[in-house]
Amino acid sequence: DARAGYSKEPVWPEGKMPDAQADQCQPYLEWHMPKELKTKAIQIIYSGGGYHGNGPDGFEVAPARRYLNEKGMTVVTMKYRTPRPQGGLAKHTTAWQDLQRAIRIVRSEAAAKGLDPERIGIMGSSAGGHLASTLLTHFDAGNASAADPVDQKSSRPDFGILCYAVISMGTNTHQGSKNNLLGKTPSDDLVKALSNELQVTKDTPPTFLWHTWEDKAVKVENSLEFALALQRNGVPYDLHIYQNGRHGIGL
């Protein structure tokens, strides 16, 4: 294992987690420092799981973490809140809050660890890819007047990696994923807002996407449409499509 150091911390201070629900897991971050640091960039990686659950040690996270540690890159893995929230709250909301907070934490701690706070990437798979594409298109600059200095930091990633990602809630969505993410009767405004191929702007971070034609659960059009939106807005991207490979293939 190319990991030299490990540490774990909660995403939210005690008593400060927004929209806390008793049935959800407690979100946390894990820092994985490489034995030989070769880049000051940081990669945040998290899994999919349909917003039912997610695993920071699972097949969509751990192999990529080990690979990037071997390349001399610092990796942050995370557990975000699942299962989906109850009580009418939009189904992606608590997971999205956790990811925004995670980027702010990483950005606030990067310099002290000898890393670059302006080179932070996010990598998500399947429903985790929807979470990633949401933050790639819905970030903010932080709250300069916030009492917590972490909340003053920007939640904008500097680059994104989308692995067979759920991106659209429109024509090419997977209906089961749409139901899981938004509920069975979402408003038209929410569908549009979270069809993230429609939310790309010139300020969307550079993105690497990959998918397979064989994926029956999440159509390849999700990645194609996001890539086209990036192209139209002049955002740098790479798109790789493989003929074979079921959904959830990991690395």
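## Contacts of Lys40

Contact here means heavy atoms within 4.5 Å. By that rule, in this predicted model, Lys40 touches Gly114, Leu115, Asp116 and Arg119, leaving aside residues up to four places away in sequence. Lys40 itself lies in the loop between β2 (28–34) and β3 (42–46).

Lys40 and Tyr51 are eleven residues apart in sequence, and their C-alpha atoms are 31 Å apart in space.

## Aromatic pairs

The count of aromatic pairs comes to four. In one of them, Tyr164 with Trp210, the ring centres are 5.3 Å apart and the planes stand at 85°; planes over 60 degrees apart count as edge-to-face, so this pair is edge-to-face. Tyr164 belongs to the loop between β6 (159–163) and α4 (175–182), while Trp210 belongs to strand β7 (residues 207–212), so the pair ties together parts that are 46 residues apart in sequence. Tyr164 and Trp210 are both buried.

Ring pairs also link Tyr46, Tyr51 and Tyr80 into a cluster.

## Charges over rings

Lys113 lies over the face of Trp31, at 4.6 Å from the ring centre. Arg156 has its charged end over the ring of Phe139, 5.5 Å from the centre of that ring.

## Packing of α2 and α3

Two packed helices are described by the angle between their axes and the distance between the axes. For helix α2 (residues 93–110) and helix α3 (residues 127–138), the axes come within 10 Å and cross at roughly 60°. The crossing of α2 with α3 is right-handed.

On the α2 side, the contact is made by Ala95, Trp96, Leu99, Gln100 and Ile103; on the α3 side, by Leu131, Ala132, Thr134, Leu135 and His138. These residues divide into seven nonpolar, three polar and no charged.

## Backbone geometry

Thr82 and Pro83 are joined by a cis peptide bond, with omega about 5°. Pro83 is found in the loop between β4 (74–79) and α2.

Tyr51 is not a glycine, yet has a positive phi of about 60°. Tyr51 lies in the loop between β3 and α1 (62–70), and its relative accessible area is 1%. Buried means under 20% relative accessible area, so Tyr51 counts as buried.

Tyr164, a residue other than glycine, also has a positive phi, near 35°. With a relative accessibility of 2%, Tyr164 counts as buried.

Technical notes: Residues are numbered from 1 along each chain as its sequence is written. This is a predicted model: local features need pLDDT of at least 70, side-chain atom pairs count only at pLDDT 80 or more; totals for chains, interfaces and linings use all residues. Side-chain values use heavy atoms; hydrogens and water are left out. Helices (H or I, at least four residues) and strands (E, at least two) are DSSP runs, numbered from the N terminus. Rings of Phe, Tyr and Trp (its six-membered ring) pair if their centres lie within 6.5 Å; planes under 30 degrees apart count as stacked, over 60 as edge-to-face and the rest as tilted. Buried means under 20% relative accessible area, exposed over 50%, partly exposed in between (1.4 Å probe, protein chains only). A charge sits over a ring if NZ of Lys or CZ of Arg is within 6 Å of the ring centre and within 35 degrees of the ring normal. Axes are lines fitted to C-alpha atoms, for helices over the stretch in contact, and angles run from 0 to 180 degrees between N-to-C directions. A crossing is left-handed if the near helix is turned anticlockwise from the far one by less than a right angle, and right-handed if clockwise. Ala, Val, Leu, Ile, Met, Phe, Trp, Tyr, Cys and Pro count as nonpolar, Asp, Glu, Lys and Arg as charged, and the others, Gly among them, as polar.
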